[in-house]
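Visitor: I've just opened this one on my screen. Could you walk me through it and tell me how you know what you say?

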Amino acid sequence: MAEKIFGIDLGTTNSAIAVFENDEARILKNIDGDEITPSVVFFTGVDSDGNDESLVGIQAKNSAATAPDNIVQFVKRLMGNQGDAYNFKAPSGKEYTPEMISALILRKVCKDAEQYVGDGSVKNVVITVPAYFDDARRIATKQAGKIAGLNVLRVINEPTAAAIAFGLDTNESGKVLVYDLGGGTFDVTIMDINGGNFDVIATGGDSQLGGINFDQKIISIILRQLQEQGCTVDDEDDALMADIREKAEKTKLQLSNVETARPVFTINGSTYRIEITRETFEKESETLMQRTQLLLEDVLNEKNLGWSDINHLLVVGGSTRMPMVKKLLERISGKEVTYKVDPDTAVAQGAAIFASTLTTDSPDADAGMINLDVTAGERSGVTASLVISDVTSQSLGVITVDPNDHSRKINTVIIPHNTKIPTKKSEVVYTVYDNQTEIKVEVTEGNDADVEYVRVIGSSILSMPPYPKDSPVEIIYAYDPDQTIYIEVIDKVTNSSLGTFEIDRASNLSDEEVKNAMGVVKHATVD
Amino acid sequence: MDLDNNAVLSDADLASEQGNETAKVLQELGEIREELFILKDLFVRRLHDDKQKSQMIHTLDEGARFAFIEPFLTDLILVLDRLEKKDDDFARSVYEEIYDILHRRGVERINVTEGFNPALYNAVKSNDNPEIASVAVTGIVRNGYTLSGRVIRAAEVIVDRPVTK
């Protein structure tokens with residue numbers, strides 16, 4: 001019998017796991033009975049063998065204040081970075097990289113899921129990442145899975161996963177814009193969906209925009225009204241602040257269903273009645289909504305698309321339940337917004353649906369374009385192929401010299417961002433001096449022509465015959481679905497290869513480091 | 001061998017015929033036994049499957065009930081919080097009455113003890129205390145509650161934590 005493959009949404013603040021069985025994608029709850037597990041790790045101490053003991057999830061969050069130095073949160077933001085500055089030193093003295101912390105979270109999520117599907121059965125997974133994750137971060141995510149003892153078959157974009165849930169559930173087709181407004185981040189993706197084929201055309205996002213920003217707006221309104229009623233709020237009063245935060249979040253949720261919410265507070269024996277209308281909340285939140293609108297329009301403009309080119313609008317993320325989101329999108333797009341997919345669990349469910357199309361022994365499981373037959377469920381009775389292609393989240397270029405000013409360097413883009421991958425593109429450059437015998441290829445990540453605003457992710461110096469200046473050399477970049485970059489340099493005078501190299505992924509762990517990390521994480525207890 | 005109407009089988013022939021009959025019966029018995037084993041195995045597996053499904057349905061049902069009632073309970077708990085803040089007999093009596101109604105339906109106030117339990121408590125504030133060796137709860141900011149053993153809201157507590165050198 002084929003082994004099951006699970007879909008995991010490894011989030012910045014929360015994670016979830018799902019499996020596709022009996023024709024539906026089912027979220028597997030954790031041992032606390034919750035569908036989401038906070039992506040938080042707390043190191044409680046060291047066992048008698050010197051191995052770290054840790055809590056992951058809500059109990060880790062609950063313990064944060066008992067030892068703030070032992071808590072790790074939002075590690076997703078650090079993925080793909082290397083160096084002491086990004087590592088966490090646990091009570092045992094061992095250093096944990098962001099990949100290792102993520103591995104502990106993955107272990108917890110999978111271990112809890114095994115209460116439903118059997119011990120040791122959660123081994124093969126598909127993990128989702130934000131669409132704007134670059135090469136280093138995607139590889140880091142895959143390495144986190146490996147460190148956790150998992151077999152990561154694919155890393156796919158979160159909006160892609162959500163759109164898969166949408167596509168399989170309804171069998172629709174056309175251009176889809178995925179608007180994903182979560183707890184802390186905002187993503188926009190445009191895709192082509194057609195009878196099981198998924199083509200990502202463009203992505204964009206803001207990693208600092210989400211539901212918590214809207215909660216803060218409600219808190220501001222509450223504090224203002226309390227002040228107007230003569231109440232002085234002591235922000236050192238933990239109970240009061242907890243009460244305000246909790247009621248602010250509840251008020252936000254209530255205003256999705258009713259026009260007015262009336263939270264009440266008792267402070268120092270006095271009662272204060274607050275009234276917040278949906279209109280007031282929406283007015284306070286205007287700048288936040290404008291931010292999402294600008295990002296949306298940027299992504300559309302980049303691909304010379306207008307709203308008339310978009311056939312379907314998919315909203316994902318709990319924050320999209322706010323009526324102001326539906327209002328904005330319907331106003332600017334002229335399209336109806338419907339909630340066809342559960343916004344909170346769509347990503348994990350879509351990952352599970354995609355995972356169900358893979359097999360652990362398929363030679364194509366790791367290929368760029370996957371053509372696999374999948375039965376799209378009894379509901380449709382159609383056998384469809386799931387083909388996912390992706391786009392580069394960052395432009396890739398090379399540092400060249402300004403022909404008019406050799407002292408000035410410029411970044412020349414070879415593969416623009418949002419190019420479908422796998423892809424192969426090249427740029428012909430020219431030698432600068434007579435008898436130049438070396439060419440330095442510095443591979444960059446970023447859109448800007450100014451080298452100050454791009455990141456060098458790898459370089460190599462290749463020898464070449466001594467030609468006169470202005471001799472042509474072709475630099476070819478090939479980019480595969482896991483976003484590994486292969487570079488070849490061709491001497492265009494003789495049309496022969498001067499050499500090849502892969503990106504030296506200094507921002508990812510080496511194989512040796514991954515192996516060592518597996519040993520450390522394996523012996524750490526996770527509760 | 002040709003037999004006339006009155007011919008009888010010799011002992012050897014009879015034995016041979018009886019042997020064949022027995023073998024046939026034994027073979028049929030064997031087949032029936034095999035079929036029985038298969039059916040028994042199927043029955044046991046189906047029973048196990050039914051048991052699993054029954055457990056899953058029970059879990060899903062509980063989960064669904066909890067998901068339905070939890071938002072209502074968290075709202076009511078916020079009302080209890082406000083009642084607790086009022087130091088008069090009427091507020092106290094209303095608190096007790098509402099709590100009693102909830103208690104009869106499986107809601108329990110979390111009992112907070114000195115030892116910190118992250119499964120039931122949420123440390124919202126901490127103070128350094130060089131005189132202790134492990135984390136100790138020193139106060140309650142907001143009470144916590146469970147429903148049939150599942151945490152609706154963890155007890156929000158203040159802790160003293162040991163000073164690490």
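Visitor: What makes a group of residues the largest nonpolar core here?
Guide: A nonpolar core is a set of buried Ala, Val, Leu, Ile, Met, Phe, Trp, Tyr and Cys residues joined through C-beta atoms within 7 Å. The largest such set has 99 residues, and those with the most contacts inside it are Phe6(A), Ala18(A), Ala162(A) and Ala351(A). Helix H2 (residues 98–117) of chain A gives the largest share, nine residues. Keep in mind that this is a predicted model, where local features need pLDDT of at least 70 and side-chain atom pairs count only at pLDDT 80 or more, while totals for chains, interfaces and linings use all residues. Residues are numbered from 1 along each chain as its sequence is written, and chains are lettered from A and ligands numbered from 1 in the order in which they are written.

Visitor: What makes helix H10 of chain A largely enclosed?
Guide: A residue is buried if 20 or more other C-beta atoms lie within 10 Å of its own (exposed if 12 or fewer, partly exposed in between), with C-beta atoms placed from the backbone. In H10 (residues 346–355) of chain A, 10 of the 10 residues pass, so the helix is largely enclosed by the rest of the structure. Among them are Gln349(A), Ala351(A) and Phe354(A).

Visitor: Which residues does Ala351(A) touch?
Guide: Contact needs C-beta atoms, placed from the backbone, within 7 Å. Leaving out residues up to four places away in sequence, Ala351(A) has partners including Gly7(A), Asp9(A), Ala18(A) and Val126(A).

Visitor: How do you know that E22 and E26 of chain A pair?
Guide: Strands pair if DSSP finds at least two bridges between them. Strand E22 (residues 396–402) and strand E26 (residues 436–445) of chain A have three, in the antiparallel sense, with Val398(A) bridging to Val443(A). E26(A) also pairs with strand E27 (residues 455–467) of chain A, antiparallel over nine bridges.

Visitor: What does chain B look like?
Guide: Chain B has two helices and six strands; these are DSSP runs, helices (H or I) of at least four residues and strands (E) of at least two, numbered from the N terminus. Of its 165 residues, 15% count as buried. Its contact with chain A takes 24 residues from chain B and 19 residues from chain A.

Key. Two residues are in contact if their C-beta atoms, placed from the backbone, lie within 7 Å.
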